[in-house]
Amino acid sequence: MKKTDRQAAIEQLINQYPIATQEELMAKLKAEGIAATQATISRDIREMQIVKTPDEHGQARYSIFKANSKNEQDRLFESLHDVVVGVDRVEFMNIIHTLPSNGNLLAAIIDDLKMPEVSGTLAGHDTIFVISPSVEVAKQFHSLLISHVANEDEL
C-alpha cells in the first residue's frame, strides 16, 4: 500500500473513531485490511502532525493538528491564555504546565512556529519542556510566555 493511501485511511479513521493509542489505530487499520508496523504508524503520526487532544468528555484521542485561518502566533497566544496553568524557567529551559491533555497540542503549535527562541520541545500529558539555545534566550522566551498566560500574577 502506498504511504499516501495509508495516511488517508489513518486520517479517516481518527476522524471517525475515538482512537487514543497506536495499538488502537493499528487494530482499526487491520480491520480495514491495511497492514502496518508500529514503526510505520509512529512515523505517520509524526508526519501527519497527529496529537492527542481531549474530546467532549475529556478523554484523550488522536486528532490532526492543522493550522486554521488564524495566524499561528495568535493561536499560540490564545492557547497560552486558555490552557497554561504555570510556567517555570530552569537555566536554558522553560517548563510549561498545562491543563490535562493539552501538552502535546501546545507543543505542536510551538514547534510549528519555528521560533528562534526554541531549539526543541518535549511534551507530555500536561507538561512541556521548551529548550532554548542559551539562558538569556530562555529568559526572553519566559517573559513572552508569562505575558500571555491568563493568571500571570499567580506565576
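A salt bridge is counted where a side-chain nitrogen of Lys or Arg lies within 4 Å of a carboxyl oxygen of Asp or Glu. The structure described here is a predicted model, in which local features need pLDDT of at least 70 and side-chain atom pairs count only at pLDDT 80 or more, while totals for chains, interfaces and linings use all residues. Residues are numbered from 1 along each chain as its sequence is written, and side-chain values use heavy atoms, with hydrogens and water left out.

The structure holds 2 salt bridges. In one of them K3 pairs with E47, the closest N and O atoms being 2.8 Å apart. Because K3 lies in helix α1 (residues 3-16) and E47 in helix α3, this pair ties together parts that are 44 residues apart in sequence; helices (H or I, at least four residues) and strands (E, at least two) are DSSP runs, numbered from the N terminus. R6 forms a salt bridge with D44, with the closest N and O atoms 2.5 Å apart, and since R6 lies in α1 and D44 in α3, the pair joins parts that are 38 residues apart in sequence. Both R6 and D44 are buried, whereas K3 is partly exposed, with a relative accessible area of 42% (buried means under 20% relative accessible area, exposed over 50%, and partly exposed in between, with a 1.4 Å probe and protein chains only).

Helix α2 (residues 22-31) packs against helix α3 (residues 38-47) at an angle of about 105°, with the axes 10 Å apart; axes are lines fitted to C-alpha atoms, for helices over the stretch in contact, and angles run from 0 to 180 degrees between N-to-C directions. That angle makes α2 roughly perpendicular to α3, a term that covers 65 to 115 degrees. Q22, L25, M26 and L29 in α2 meet Q38, I41, S42 and I45 in α3, where contact means heavy atoms within 4.5 Å.

An open sheet is formed by 4 strands in the order β3-β4-β6-β5, with antiparallel pairing; two strands pair if DSSP finds at least two bridges between them. Strands β3 (84-90) and β5 (120-123) stand at the edges, each with a single partner strand, so one side of each is left without a neighbour in the sheet. Strand β4 (residues 93-98) is joined to strand β6 (residues 127-131) by 5 bridges, and I96 stands opposite I128 in β6. Helix α4 (residues 72-83) packs on the sheet, touching β3 and β4.

Conventions. Parallel < 35°, antiparallel > 145°, perpendicular 65-115°, else oblique.
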